[in-house]
Amino acid sequence: MGRSYQIMMLENKVFSCFVFYSVLLVIKMYIIAIITGQVRLRKKAFANPEDAQRHGGLQHFREDPDVERCQRAHRNDMENIVPFLFLGAVYSLIGPSLAVARAHFLVFFLFRMLHTLAYLCVLRAPTRSLAYVIAQVPCISMAVQILVAVSSYACSDFIGDVVNL
């Protein structure tokens, strides 16, 4: 069973490329979660009363703007990276050019990294917004290409059923 996964990974270079960037993005998400926890500890701003009690008392059961910023960055990652994981996996299976696919994955990765840096380092506007928009371009491109590739299968039976009524 393990051998079949190895063959799939090695034979589908687009999928291997996708996996590479996806794993980097997931690691980035874990790092943001760790950063959020560290900022909570440093600022003594805990989300749960039991954590506040453990670290100095209930007065530390509070919100903090820096913690909230980290949480927004993490939430934005979840809202954007999770769809990328689906789109990229399916896109890898429709047989795109390796160079084009790599460009899609790399652009998404680089601009999500810039988006995170802009969020956490409070870079000047519109850096974060531009990074967000540019990262969406490859996702939209992949979605359109996937829809084009599968539309004939999705619609042909339905149209045939309607005609045969």
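Among contacts (heavy atoms within 4.5 Å) in the protein chain with a separation of 6 or more, 66% join residues 24 or more positions apart. The model is predicted: local features need pLDDT of at least 70, side-chain atom pairs count only at pLDDT 80 or more, and totals for chains, interfaces and linings use all residues. Residues are numbered from 1 along each chain as its sequence is written, and side-chain values use heavy atoms, with hydrogens and water left out.

The protein chain holds six helices and zero strands, in the order α-α-α-α-α-α from the N terminus. Helices here are DSSP runs of H or I with at least four residues, and strands are runs of E with at least two, numbered from the N terminus. Of the 165 residues, 32% are buried, that is, under 20% relative accessible area with a 1.4 Å probe, protein chains only. The accessible surface (Shrake-Rupley method, 1.4 Å probe) comes to about 10400 Å², and carbon and sulfur atoms account for 67% of this surface.

Helix α5 comprises the 23 residues 98–120 and reaches 33 Å from its first C-alpha to its last, close to the 33 Å expected at 1.5 Å a residue; the expected span is 1.5 Å times one less than the number of residues. At the start of α5, a side-chain oxygen of Ser-97 comes within 3.3 Å of the backbone nitrogen of Ala-99. Buried residues of α5 include Ala-101, His-104, Phe-105, Phe-108, Arg-112 and His-115. In an α-helix there are 3.6 residues a turn, so residues three or four places apart point the same way. Val-122, which follows α5, has a positive phi near 50°.

The largest nonpolar core has 19 residues, and those touching the most other members are Leu-25, Phe-84, Tyr-91, Phe-105, Phe-108, Cys-139 and Met-142. Such a core is a set of buried Ala, Val, Leu, Ile, Met, Phe, Trp, Tyr and Cys residues joined through side-chain atoms within 4.5 Å. Two or more residues each come from α2 (13–43), α4 (65–93), α5 and α6 (127–163), with α2 giving the most, seven residues. Beyond its neighbours within four places in sequence, Leu-25 is in contact with Ile-81, Phe-84, Phe-108, Phe-109 and Arg-112.

An unreviewed UniProt entry annotates "transmembrane region" at residues 18–36, 81–99, 105–123 and 130–154; such annotations may be inferred rather than shown by experiment. Two of these spans are described below.

| Span | Distance between end C-alpha atoms | Helix and strand content |
|---|---|---|
| Residues 18–36 | 27 Å | 100% helix, 0% strand |
| Residues 105–123 | 24 Å | 84% helix, 0% strand |

Conventions
Buried means under 20% relative accessible area, exposed over 50%, partly exposed in between (1.4 Å probe, protein chains only). A polar contact is a pair of N or O atoms within 3.5 Å; within protein, one must be able to donate a hydrogen and the other to accept it, and residues adjacent in sequence count only if both atoms are side-chain atoms.
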